[in-house]
Amino acid sequence: MTRQTSRPRLPAQARREGREETRPPELGPGEVDVALTVDGTARTVRVEPRVSLLDALRERMGVTGPKKGCDQGACGACTVMVDGRRVLGCLTLAVTCEGREVTTVAGLADGDRLHPVQEAFIANDAFQCGYCTPGQLVSAVALLEEGHTGDDAEIAEWMSGNICRCAAYPNIRAAIRQVRDRRDGNAADTVGTVGAAGTTEASGPGGAGSDTPAAHARGFPADPGPDSVGPRTEGDR
Ligand code: FES
Ligand code: FES
């Protein structure tokens, strides 16, 4: 006796339009192999489809550069690039990265040679505790590629998905400006605009004192903005 296979239910819209919907193969609920490239190395990781990219990297692959700050898309500490686009590792499912190239903070340097953004962070004292720094660095590299570096307000807005609880924001912006200006051959390099304590910059959005975490949250959208986050960054603006 032939066993009748039940036809998969089509979503309402496709049903209404009388067309079949092409569905990706269903995965799970058990573990599946996900092949991806991490910092230039081809890797395969076996995870349940519910596992985030952040957990796959940190817990399954031993890639601990991306940090788990909030695990709910609010802090940016887990920022990595997938095919060159910054996403939040905690809100990105590992299975969606099949065949993709993932770049973490560990993949920014060229061997022993630091990425210019990493050098600029050091030169500008752009971190204190460093927990947010891997995400800040990845985000800054992507930001420079995206071209959202016109002025401090633009840099701040497009970095606003990366929270630094030490409020190193003026220094982070100075580091980004430095790389931007050197890349663009701008003679007015911004090195030195931040004092030793990193508190002399008064011309950012909101002026002096605008870079406390509270002011940062006040001055810029609660939504971290496109590209700083994973699933909720669909579409540019
Ligand atoms: S861990 Fe905070 S946004 Fe991902
Ligand atoms: S350097 Fe401390 S939270 Fe960013």
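Let's start in a loop: Asp-39 is found between strands E1 and E2. Helices and strands here are DSSP runs, H or I of at least four residues for helices and E of at least two for strands, numbered from the N terminus. Asp-39 has a positive phi of about 50°, although it is not a glycine.

A word on the model. It is predicted, so local features need pLDDT of at least 70 and side-chain atom pairs count only at pLDDT 80 or more, while totals for chains, interfaces and linings use all residues. Residues are numbered from 1 along each chain as its sequence is written, and chains are lettered from A and ligands numbered from 1 in the order in which they are written.

Asp-71 is another case. Its phi is near 60°, again positive in a residue other than glycine. Asp-71 sits in the loop between H2 and strand E3, residues 79–82. With 16 other C-beta atoms within 10 Å, Asp-71 is partly exposed.

Now the overall picture. The protein chain has seven helices and five strands. From the N terminus on, the order is α-β-β-α-β-β-β-α-α-α-α-α. Of the 237 residues, 41% count as buried. Take the contacts with a separation of 6 or more: residues 24 or more positions apart account for 59% of them. Two residues are in contact if their C-beta atoms, placed from the backbone, lie within 7 Å.

Gly-28 lies in the loop between helix H1, residues 12–16, and strand E1, residues 32–38. Gly-28 counts as exposed, because it has 12 C-beta neighbours inside 10 Å. Leaving aside neighbours within four places in sequence, Gly-28 is in contact with Glu-48 and Pro-49. Gly-28 and Arg-50 are 22 residues apart in sequence, and 8.6 Å apart in space, C-alpha to C-alpha.

Move on to Val-32, in strand E1. Val-32 has 17 C-beta neighbours inside 10 Å, so it counts as partly exposed. Not counting residues up to four places away in sequence, Val-32 touches Leu-27, Pro-49 and Val-95. Val-32 and Glu-48 are 16 residues apart in sequence and 6.0 Å apart in space, C-alpha to C-alpha.

Then helix H2, residues 53–60. Which of its residues are buried? Leu-53, Leu-54, Ala-56 and Leu-57 are. The buried residues of H2 pack against E1 and strand E2, residues 41–47. Just after H2, Gly-62 takes a positive phi of about 70°.

Now the core. The largest nonpolar core has 51 residues. Such a core is a set of buried Ala, Val, Leu, Ile, Met, Phe, Trp, Tyr and Cys residues joined through C-beta atoms within 7 Å. Those with the most contacts inside it are Ala-94, Val-117, Leu-137, Ile-172 and Ala-175. Domain 1 (32–107) and domain 2 (116–225) both give residues to this core, so it lies between them. Those domain bounds come from an automatic or database assignment.

Look at Val-117. Leaving aside neighbours within four places in sequence, Val-117 is in contact with Leu-137, Ala-140, Val-141, Ala-175 and Val-179.

Helix H3, residues 116–123, and helix H6, residues 169–183, pack at an angle of about 135°, with their axes 8 Å apart. That makes H3 oblique to H6. Axes are lines fitted to C-alpha atoms, for helices over the stretch in contact, and angles run from 0 to 180 degrees between N-to-C directions. Under 35 degrees is roughly parallel, over 145 roughly antiparallel, 65 to 115 roughly perpendicular, and the rest oblique. Pro-116, Val-117, Ala-120, Phe-121 and Ala-123 in H3 meet Ala-175, Gln-178 and Val-179 in H6.

H3 also packs with H4, at an angle of about 125° and with axes 9 Å apart. H3 and H4 are therefore oblique to each other. Here Val-117, Gln-118 and Phe-121 in H3 meet Leu-137, Ala-140 and Val-141 in H4.

Last pair: helix H4, residues 133–146, and H6 pack at an angle of about 40°, with their axes 11 Å apart. Gln-136, Ala-140, Leu-143 and Leu-144 in H4 meet Ile-172, Ile-176, Val-179 and Arg-180 in H6.

Note on methods: Buried ≥ 20, exposed ≤ 12 C-beta atoms within 10 Å, placed from the backbone.
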